Amino acid sequence: VGAMSTRTCFDGMVYGGIGARVTYEPRQLSGTLRYRGYAHFAPGEWFGIELDEPRGENDGGVQGVQYFSCRPGHGLFVRGSTLQPLLASPGDDARESKVVARPSRGLAQAIRFCCSALCCKAG
């Protein structure tokens with residue numbers, strides 16, 4: 001399964017929302033988006049991922065608050081800017097990945113503008 005070749009912001013609504021297949025770029029870990037929202041442990045928006053392999057930090061809960069449920073060591077909370085949607089390639093097993101729908105041209109342009117202006121600032 002390959003990730004998108006260009007760096008973009010991850011927007012769960014555009015790429016399928018909860019249940020979307022994603023890659024956590026810094027550690028090249030793939031999994032399924034299980035939570036998107038605010039969390040008590042740090043300010044800002046967080047994305048909860050159920051990893052395919054036990055390389056996470058939790059079971060979907062942090063400091064006694066359960067945001068989603070998964071097997072111990074399979075949960076990870078990250079910022080959206082570190083995620084990429086997974087795209088299915090020809091020959092991929094459909095059980096392992098979902099084909100990610102591409103947004104319409106107008107919506108894609110609006111998302112690029114939003115991302116460049118708000119959340120994907122080069123650092």
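Student: How many residues lie between β3 and β4 in their hairpin?

Tutor: Good place to start! This is a predicted model, where local features need pLDDT of at least 70, side-chain atom pairs count only at pLDDT 80 or more, and totals for chains, interfaces and linings use all residues. Residues are numbered from 1 along each chain as its sequence is written, and side-chain values use heavy atoms, leaving out hydrogens and water. Strands (E, at least two residues) are DSSP runs, numbered from the N terminus. Strand β3 covers residues 29–39 and β4 covers residues 42–51, and the number of residues between them in the hairpin is 2.

Student: How many bridges pair β3 with β4?

Tutor: Two strands pair if DSSP finds at least two bridges between them. Here the sense is antiparallel. The number of bridges is 8.

Student: Which residue in the turn between β2 and β3 has a positive phi?

Tutor: Strands β2 and β3 run antiparallel, joined by 4 bridges. They form a hairpin with 4 residues between them. The turn residue with a phi of about 50° is Gln28.

Student: Which residue in β8 stands opposite Val22?

Tutor: β2 also pairs with β8 (residues 83–87), antiparallel, over 3 bridges. On the β3 side, the bridge partner of Val22 is Gly31. In β8, the residue opposite Val22 is Pro85.

Student: Are the β2 residues Arg21, Val22, Thr23 and Tyr24 buried or exposed?

Tutor: In a regular strand, side chains alternate between the two faces of the sheet. Arg21 and Thr23 point one way, Val22 and Tyr24 the other. With a 1.4 Å probe and protein chains only, buried means under 20% relative accessible area, exposed over 50%, and partly exposed in between. All four residues are buried.
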